[in-house]
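Thanks for coming. I'll go through one structure today, a few sites at a time, so please have the sequence and the coordinates open.

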Amino acid sequence: MRLVLLFFFYQCFSNGLIAKPYQLQKNAFMVYQAEAAATLFGAKVEQQWKGYTGKGYVSLGVNGNWMEWQNIEVSEAAIYNVVFRYSNAGQTMNPCKITINGDSLLVDSPAKGGSFGKQSLPRGTYAFCTTTANDQWMDISIQMRLLKGTNKLRLMVNNANGGPNIDKISIQKIHENIEYSEKDISVGWQYVPSILERIVPPKFPQKSFLIPQYGASNDGVQDCKNAINAAIKVCSEAGGGMVIIPEGNYLVCGTLLLKSKVALYLKKNVHLRFGGKKEDYIPKHLTTTEGNLCFKSSLIYAYGAEDIAVIGEDSTSVIDGGQTEMNWKDGKVHHYADNQLAPEKRYLPEARPSVIDFFQCKNILLEKYKVVNSPFWTNVVTKCNNITFRGIVVRSLHRNNDGMDIQSCKDVLIEHCLIESGDDAICIKAGRDRDGALLGSCENVIIKNNYLVTTCANLGLGSEMSGGIRNIYVDSNGVNGFVLVKSNYDRGGFVRDVFIRQCQQIERIHFHFDNYNYRGFYYLPQYRNFYFENLPHLQQLNIMGRPENHVKNIQLLKCGNPTGKRDFVDGLIIDN
């Protein structure tokens, strides 16, 4: 699996799939050598290890030591990309606190008065991840706001393991990679037909593989995992077809691994229940938890497959996630990601699995089955293309039971689904924080003619959106009230070009930047270009922009006169 992960990262870089929420200026970096820092407290200039670029490097040493550049000159107040070149002798991590002009890196906290949640590292503290040796130098890129004129930048060791070696910093201004226009953006609907033309469900050979022929029993007692996986394997190797689960109760103790050209077909009156022990669900699989890459369990999993499907005949074709029996718990993936632990080392043996979990697949059909009792997010597709969700029923009310999570995917259709969920009904996502750059953007998603019921958001955009979200079309859905655009300043990325119309029951729309679990980074997410039409029951429109980060271009047509707080928004048009 490690080789699979490395190949995934190679594909991301070689195919240009790394999403960049900002575009760098073309001018050269401003470079400041570490040994030229004005003040060293406990830290030392050394020349022991090879590969440094100046006359030496600074060994920060023990906890509490610091170094400070006092001559960081910039021509205007703006956000800058600051790249630290460092090594750290193979230690797990070297958290350091960064201050600008004597203050925390985040001079204006985006979560002021709000909830920070549980932080893995102290606010304003950054982890310098492991290098294999002191002479292996790496870069870490951090965005920060600098003032016009001269700035002081201090780096202080903030952990018992000591600090890294610092070779230099390179600084460059960044610009939004988003065009802003006040023109009528309703023309975006004209792109829907061309998107729908690209979304074509896969077709399968007329060959059937019945799981009883491979040893499965419908008594609800015998473990059928090996029998179903054997049928899937034979079907795929034979060129594809339908793996048929006939009427009855089936116990599955472990992960079902879906392969290319295979449709897993549940007949009427099927109850496919996942149970057993957590140990039954190894080996773990490359996937995500709340937008961070990791290795954990999944219930029905596919990686790199093409032409795959899970199909039921109606709502009696039931997939039971088994959470009541299994009692899955949370892992520590966000802590690992914050500390820059490599994804292949983020092993989460007890983290809650998703029911459907497809990673980097294409040509997918998910149709007419019912999911209950999910341990975590229910139907999850990550970095997949050409996906159809049709006629699915979700009734799962446990914690974090999102109905559908579309993460870093392209060309997606969701239609005629009924979702009653314990968290957001449908969420559009694009990876969390640093991992979002690897997962890439989520775009060209059409959501129409669904019925969504939840006490949370019926449609959530974020909060994991670091790779960027765009071209989202929501049409004629029955919902009970809430659209939420959410992120925080850990994320970066953008949400833009979102079109919502003919949703009679939407009552609230809320934009904000202070989502829970904010950890103290400074990567500004951007909200641009939202078009709402014919939402007659809209009562509240809250737009919580910030002085340094305005929300731009929001248009409402025939949406009444909603009340609400509007802070730092440009181009708001309400036309009845």
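A residue is called buried here when its relative accessible area is under 20%, and exposed when it is over 50%, with partly exposed in between. The model is a predicted one. With that cut-off, K429 is buried, because its relative accessibility is 3%.

Let me stay with K429. What forms a salt bridge with K429? The partner is E464, and the closest N and O atoms are 2.4 Å apart. E464 sits in the loop between β38 (459-461) and β39 (469-475), while K429 belongs to strand β35, so the bridge ties together parts that are 35 residues apart in sequence. E464 is also buried, since its relative accessible area is 2%.

A second bridge joins the side chains of D433 and R432, at 3.9 Å from N to O. D433 has 13% relative accessibility and therefore counts as buried. R432 counts as buried too, because its value is 1%. Salt bridges with shared partners then link E290, K429, R432, D433, E464 and R491 into one network.

The structure has 21 salt bridges. One more of them is worth a slide: R198 and D411 meet through their side chains, 3.0 Å from N to O. R198 is in helix α2 (residues 192-198) and D411 is in strand β33, so this pair ties together parts 213 residues apart in sequence. Is R198 buried or partly exposed? R198 is partly exposed, because its relative accessibility is 40%. D411, at 12%, counts as buried.

Back to strand β35, which covers residues 426-429 and contains I428. I428 has a relative accessibility of 0% and so counts as buried. Setting aside neighbours within four places in sequence, its contacts include I406, C442, V445, I447 and L459. G460, L461, G462, I469 and I472 are also in contact with I428.

How many disulfides does a search of the whole structure find? The search finds zero. For C442 in particular, the nearest cysteine sulfur belongs to C409 and is 5.5 Å away, and C442 is in no disulfide. The cut-off for a disulfide is a pair of cysteine sulfur atoms within 2.5 Å. C442 counts as buried because its relative accessibility is 0%. C559 is buried as well, since its relative accessible area is 1%.

Next is S408, in the loop between β32 (404-407) and β33 (410-415). At 2% relative accessibility, S408 is another residue that counts as buried, because the value falls below the limit. Where does its side chain reach? The S408 side chain reaches the backbone oxygen of G440, at 2.7 Å. Beyond its neighbours within four places in sequence, S408 is in contact with residues including K383, C384, K429, G440 and C442.

Now the aromatic residues. The count comes to 13 aromatic pairs. F511 and F530 make an edge-to-face pair, with 4.8 Å from centre to centre and 90° between the planes. F511 lies in strand β43 (residues 508-512) and F530 in strand β44 (residues 526-533), so the pair ties together parts 19 residues apart in sequence. Both F511 and F530 are buried. F530 also pairs with F532, this time stacked, at 6.5 Å between centres and 15° between planes. F532 counts as buried because its relative accessibility is 1%. Y489, F511, F513, Y527, F530 and F532 together form one aromatic cluster.

Last, helix α3. What should the 13 residues of α3 (residues 225-237) span? At 1.5 Å a residue they should span 18 Å, and the end C-alpha atoms are 18 Å apart, so the two agree. Its buried residues are K225, A227, I228, N229, A231, I232 and C235. After α3 comes G239, which has a positive phi, near 100°.

That is the last slide.

Key: Residues numbered from 1 in each chain as written. Predicted model: local features only at pLDDT ≥ 70, side-chain atom pairs only at ≥ 80, totals over all residues. Heavy atoms only, no water. Helix = DSSP H or I, 4+ residues; strand = E, 2+ residues; numbered from the N terminus. Buried < 20%, exposed > 50% of the residue type's maximum accessible area, 1.4 Å probe, protein only. Polar contact = N/O pair within 3.5 Å; in protein donor to acceptor, adjacent residues only side chain to side chain. Contact = heavy atoms within 4.5 Å. Expected span 1.5 Å × (residues − 1). Salt bridge = Lys/Arg side-chain N within 4 Å of Asp/Glu carboxyl O. Phe/Tyr/Trp six-rings, centres within 6.5 Å; stacked < 30°, edge-to-face > 60°.
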